[in-house]
Amino acid sequence: MTGTGARTGRWAARGVRSALAGLTAIGLAVTNLPLLALSVVVLALTPVPFLGLALVPWTMSLVRMRVDLERRRASRAGVLVTRPYHPAPERAVPGGWQRFRWTVTDPATWRDLAWLVPGAVVGCGLGAVGVLVPLYGLAGVTLTPLWIWIGTGWYGYGAIWSVDSFAEGLLCVPQGAVILAGGLAVAPWLRRVDAHFAHLFLAPTKTAQLRLRVTQLTVTRADTVDAQAAELRRIERDLHDGVQARLVSLSMVIGLADELLDRNPAGAHKLLAEARESSGAALVELRHLVRGIHPPVLAERGLGGAVRALAIGLPVDISVEVDLPGRPDTPVESAAYFAVAETLTNLVRHSRAHRGSVTLRHANGVLTIVVTDDGAGGADPAGGSGLRGIERRLAAFDGTMALSSPPAGPTVITMELPCALSLPRTTPSSVTD
């Protein structure tokens, strides 16, 4: 009974949210026609020297702001609508020819304008149905107390009958309940219809999708090359400043011990003991260096086992749950491991958390990693906490990262990597450490 009640509550809450979204759609649709009228006037002024160059990009920026808001609303309804615009030209001066040309030659600009009127009509129509039907049912449910409070005649639905008695008022209650339930059930569906209609106009065409894909691959390739160059510089620096210096020192100590071996055996033994300690320290540094390139535990135990080993060594209590029926390709597995390692490092350094969790699962061709903590929240990729580096690492494999970190927490970082799994798993899954 409790489960049924909870499902009913979630269903009703979803219907109410969709009805309120319909009310928002009506309010936003009202702005479409003034934006269209302003755009027409500004485009008509294009031949006027300097005036059109300045006003057209500014007006189209307002239109894009409105359209981007519609894209976000569609995404919240479960319909992803990607921005299809051409990249802005570098060093484009506001009011200059380059910015004007960039605006008017983008097909997405004209698709935005073409959507304004039908978008307003569909948004107002579907929004009105999504709002008025539940309100109509709510009025029926509350009609009897209203009739008692007013103390005079009240009309039923559509003035079909007047409510002149308590018995007639009671007839409105079941009818209102049915209409209210139907309105709440239909409201989410209406929102999705509105979102799909927006997708029809505002989503990128196949040509635009190809262009965006090429741009994305160009950016991620450049980021990957930069990251690899930085990693090589780090390895070279660690080898030069750490292991190489120790090996040179070790060679010098062994040479001194060799010279003292005949005339001062005790001193030679002492130097050899120092050389043994130095060789041990160099070996430790080499292990750390190799672990930073590709941890042996990752190769031996796979992603789940490596993340568990990583979590055990942290000062914060981290639970790990793994549901991987196989192993990703080595580059993807390494990227996922280091993304988790960087995230957990940020958790320890910045979050002031007492507990955290890591969940790894694979479904529908996507490796999903969710890292949570009960810390202070407020994480920001622009704050230099390494989150941008994680995004770049994942983007090299078409991966994404989503961050939810309100002030006072909790922080939830969701990383997704498209990949296939191979090799049977060798470690148990769905285990919480």
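Student: How many disulfides does the count come to in this chain?
Tutor: Happy to start there, and keep in mind that this is a predicted model. A disulfide is a covalent bond between the sulfur atoms of two cysteines. The rule here asks for a pair of cysteine sulfur atoms within 2.5 Å. By that rule, the count comes to zero disulfides.

Student: Is Cys419 buried or exposed?
Tutor: The cut-off for buried is under 20% relative accessible area. Cys419 has 11% relative accessibility, so Cys419 counts as buried.

Student: And what about Cys124, with its relative accessible area of 28%?
Tutor: Good one to set beside the last. Values between 20% and 50% fall in the middle class. At 28%, Cys124 is therefore partly exposed.

Student: Which helices do the buried residues of helix 4 pack against?
Tutor: Let's build this up. Helix 4 covers residues 97-104, and its buried residues are Phe100, Trp102 and Thr103. They cover an arc of only 160 degrees around the axis, so they lie on the same side of helix 4. These buried residues pack against helix 3 (51-76) and helix 5 (107-141).

Student: What distance separates the C-alpha atoms of Gly176 and Pro134?
Tutor: Gly176 sits in helix 7, which spans residues 166-202. With 0% relative accessibility, Gly176 counts as buried. Gly176 and Pro134 are 42 residues apart along the chain, and their C-alpha atoms are separated by 8.8 Å.

Student: What share of the residues in the whole protein chain is buried?
Tutor: The secondary structure comes to twelve helices and nine strands. Of the 433 residues in the protein chain, the buried ones make up 35%.

How values were computed: Residues numbered from 1 in each chain as written. Predicted model: local features only at pLDDT ≥ 70, side-chain atom pairs only at ≥ 80, totals over all residues. Heavy atoms only, no water. Helix = DSSP H or I, 4+ residues; strand = E, 2+ residues; numbered from the N terminus. Buried < 20%, exposed > 50% of the residue type's maximum accessible area, 1.4 Å probe, protein only. Arc of directions from axis to C-beta. Contact = heavy atoms within 4.5 Å.
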